[in-house]
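Hello,

Here is the structure I promised to pass on.

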Amino acid sequence: ETGLRRMGAVGGGWGHLWGTLGEGGPGSPPAWPWLFITGGKRDEELVLPINSSLSVTLHQDQLKTTTTAVISKDFTEDRIWLNGREEDVGQPRLQACLREIRCLARKRRNSRDGDPLPSSLSCKVHVASVNNFPTAAGLASSAAGYACLAYTLARVYGVESDLSEVARRGSGSACRSLYGGFVEWQMGEQADGKDSIARQVAPESHWPELRVLILVVSGVGRVEQQPGGLCP
């Protein structure tokens, strides 16, 4: 349809465990113990951590977030739905993600001739996101949600750069959920957070015996929520 672009994506949630990453053959990282630790943030607005951290991304066959985004010249405002219910699109962290993506898209258009979507930056976006696991229940729905959102918006607006910073502005853990396997979120040192990014340190095949057991006893979300997170 003229003036409309649709894109969908699926993102996995993440878990954290204690263990050891050992030698797994040529090219594997050296053996080193690891422990996922949440140590707070040194900058709340930019979502910059006070320490680096490691997590394992769960398989999408079990836990996943599915996000669809549509931009159109006929839309009069940005809107977002989570699990079928419309949410406040004015949440600061959600707005930060939208600003970052549109800024990257603008830079891309200015640096290249013949932008495939010259009017896309003036279009509003509608986003629908669905979790197949309880939201705001300690299963990292915000991490999966913002990782999926960053990827989907990037495809819609034609952004091809690293999305760690975009996802991180929504939820710090989301930058890790952009990758599979074992992923490190590097705290970085720069004040603007440009070096606070995620990188995969080992693929999901590195620890084939690993199992994660999740017992859902209630679908009711936590009373507290992550500020501006993709959770009700």
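Predicted model: local features only at pLDDT ≥ 70, side-chain atom pairs only at ≥ 80, totals over all residues.

Residues are numbered from 1 along each chain as its sequence is written, and side-chain values use heavy atoms, with hydrogens and water left out.

Let me start with the helices (DSSP runs of H or I, at least four residues, numbered from the N terminus). Helix α1 spans residues 92–111 and helix α2 residues 141–157; the two pack at an angle of about 30°, with their axes 10 Å apart. The axes are lines fitted to C-alpha atoms over the stretch in contact, and angles run from 0 to 180 degrees between N-to-C directions. α1 and α2 are therefore roughly parallel to each other (the term covers angles under 35 degrees). Their crossing is right-handed, meaning that the near helix is turned clockwise from the far one by less than a right angle.

Which residues make the contact? On the α1 side they are R93, L94, C97, L98, I101, R102 and A105, and on the α2 side Y146, L149, A150, L153, A154 and Y157 (contact means heavy atoms within 4.5 Å). By class, 11 of the contact residues are nonpolar, two are charged and none is polar. Here Ala, Val, Leu, Ile, Met, Phe, Trp, Tyr, Cys and Pro count as nonpolar, Asp, Glu, Lys and Arg as charged, and the others, Gly among them, as polar.

Now for the salt bridges (a side-chain nitrogen of Lys or Arg within 4 Å of a carboxyl oxygen of Asp or Glu). The structure holds nine of them, and two may interest you here.

E100 pairs with R169, the closest N and O atoms being 3.1 Å apart. This pair links distant parts of the chain, since E100 lies in helix α1 and R169 in helix α3 (residues 164–170), 69 residues apart. E100 counts as buried at 18% relative accessibility, and R169 as buried at 8% (buried is under 20% relative accessible area, exposed over 50%, partly exposed in between, with a 1.4 Å probe and protein chains only).

R108 and E160 also meet in a salt bridge, at 3.8 Å from N to O. R108 belongs to helix α1 and E160 to the loop between α2 and α3, 52 residues apart. R108 is buried at 16%, whereas E160 is exposed at 60%.

Best wishes

Terms used: Parallel < 35°, antiparallel > 145°, perpendicular 65-115°, else oblique.
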